Amino acid sequence: MKNEKFDKKFYLIREDVLPEAMKKTLDVKEMLERGKAESIWDAVQQVDLSRSAYYKYRDTVFPFSTIVKERLVTLFFHLEDRSGTLSKLLSVVASSGCNVLTIHQTIPLQGRANVTLSLNTTEISTDIDELLLELRKLEFVEKVEVLGTGA
């Protein structure tokens with residue numbers, strides 16, 4: 001007999017389409033994890049969520065950063081072709097605690113190059129969303145996408 005818990009499909013969806021109760025459940029979980037609430041009751045009161053809604057969703061909704069923690073992440077970059085861009089990009093990745101497993105870079109065409117990085121995020125010092133935000137802020141980065149995650 002198969003374990004039904006592991007037979008479920010999972011989807012990655014944008015936050016803006018989540019029902020309010022799921023967003024608030026994520027807020028409660030974060031408050032509890034960071035010690036900003038002393039109990040579940042305290043946390044649900046702070047975000048105006050019923051305890052029953054919290055218990056309904058707590059084991060079914062997770063932030064993306066939780067899913068990719070201790071896993072491999074493959075990122076795709078569209079970069080301007082400038083001297084030192086790959087070095088600067090790798091420096092940001094390394095300073096976050098990620099280990100670069102593979103690098104694939106295309107030959108620059110029309111001043112642009114594509115780079116794909118596979119990262120081990122086991123030792124990441126922040127969450128993946130913050131790393132992506134930092135990478136997108138680099139002046140030579142035109143695009144960053146998560147291509148995939150895995151164990």
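Reader: What should I know about the model before I start?

Author: The model is predicted: local features need pLDDT of at least 70, side-chain atom pairs count only at pLDDT 80 or more, and totals for chains, interfaces and linings use all residues. Residues are numbered from 1 along each chain as its sequence is written, and side-chain values use heavy atoms, leaving out hydrogens and water.

Reader: How many helices and strands does the protein have?

Author: Six helices and four strands. These are DSSP runs, numbered from the N terminus: helices are H or I with at least four residues, strands E with at least two.

Reader: Where does Ser 118 lie?

Author: In strand β3, residues 112-120.

Reader: Is Ser 118 buried or exposed?

Author: Ser 118 counts as buried because its relative accessibility is 17%. Buried means under 20% relative accessible area, exposed over 50%, partly exposed in between (1.4 Å probe, protein chains only).

Reader: Which residues does Ser 118 touch?

Author: Leaving aside residues up to four places away in sequence, Ser 118 touches Val 73, Thr 74, Asn 99, Val 100, Leu 101 and Thr 102. Contact means heavy atoms within 4.5 Å.

Reader: Switching topic, how many aromatic pairs are there?

Author: The structure holds one. Tyr 54 and Tyr 55 form that pair, edge-to-face, at 5.3 Å centre to centre with 70 degrees between the planes. Rings of Phe, Tyr and Trp (its six-membered ring) pair if their centres lie within 6.5 Å; planes under 30 degrees apart count as stacked, over 60 as edge-to-face and the rest as tilted.
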